[in-house]
Amino acid sequence: MEQSKTELLERAGIDTADALARFMGNEALLERFLKKFLDDPNYGALKAAMAMGDQAGAVTASHTLKGMCGNLSMSRLSALFTSQVALLRQDDMAGAAGLMPEIAQAYEEAAAAIRRCFP
């Protein structure tokens, strides 16, 4: 992977070395899955569930995102979703909602980096 792409993705919280190791060095496959991440509906579902106070929906969406981000080596987002899922499972909707601004920022940074690297 080009150094400029690696640096951009790393700054956005994506561990490219780990991601490439997970994808057995196949850059094209990693690119394909990063692009699929952009189309996944769970982030929108999480925002909607949090806005409606739908704890079950929020747990489902956040847990799915946690796994997806972990598999794609999106370390910053994975950590945030891990924390959010734990709060939701402890019936702490307010605490989980309090993470949404940081999640939104990290998500937008990652999405922007992916779009920029793989137009």
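Guide: Welcome! This is a predicted model, where local features need pLDDT of at least 70 and side-chain atom pairs count only at pLDDT 80 or more, while totals for chains, interfaces and linings use all residues. Residues are numbered from 1 along each chain as its sequence is written, and side-chain values use heavy atoms, with hydrogens and water left out.

Visitor: Why does S78 count as buried?

Guide: S78 sits in helix α6; helices here are DSSP runs of H or I with at least four residues, strands are runs of E with at least two, and both are numbered from the N terminus. Buried means under 20% relative accessible area, exposed over 50%, and partly exposed in between, using a 1.4 Å probe and protein chains only. The relative accessibility of S78 is 17%, so S78 counts as buried. S78 touches K66, C69 and G70, leaving aside residues up to four places away in sequence; contact means heavy atoms within 4.5 Å.

Visitor: And what makes G57 partly exposed?

Guide: G57, in helix α5, has 22% relative accessibility, so it falls in the partly exposed class.

Visitor: Which residues of α6 are buried, and what puts them on the same side?

Guide: They are L77, S78, L80, F81, Q84, V85 and L88. These residues cover an arc of only 165 degrees around the axis, which puts them on the same side of α6; the arc is that of the directions from the helix axis to the C-beta atoms.

Visitor: Why is α4 called roughly antiparallel to α5?

Guide: Their axes come within 8 Å and cross at roughly 150 degrees. Axes are lines fitted to C-alpha atoms, for helices over the stretch in contact, with angles from 0 to 180 degrees between N-to-C directions. Angles under 35 degrees count as roughly parallel, over 145 as roughly antiparallel, 65 to 115 as roughly perpendicular, and the rest as oblique. So α4 is roughly antiparallel to α5.

Visitor: What makes α3 oblique to α8, then?

Guide: α3 and α8 pack at about 130 degrees, their axes 10 Å apart, and that angle makes α3 oblique to α8.
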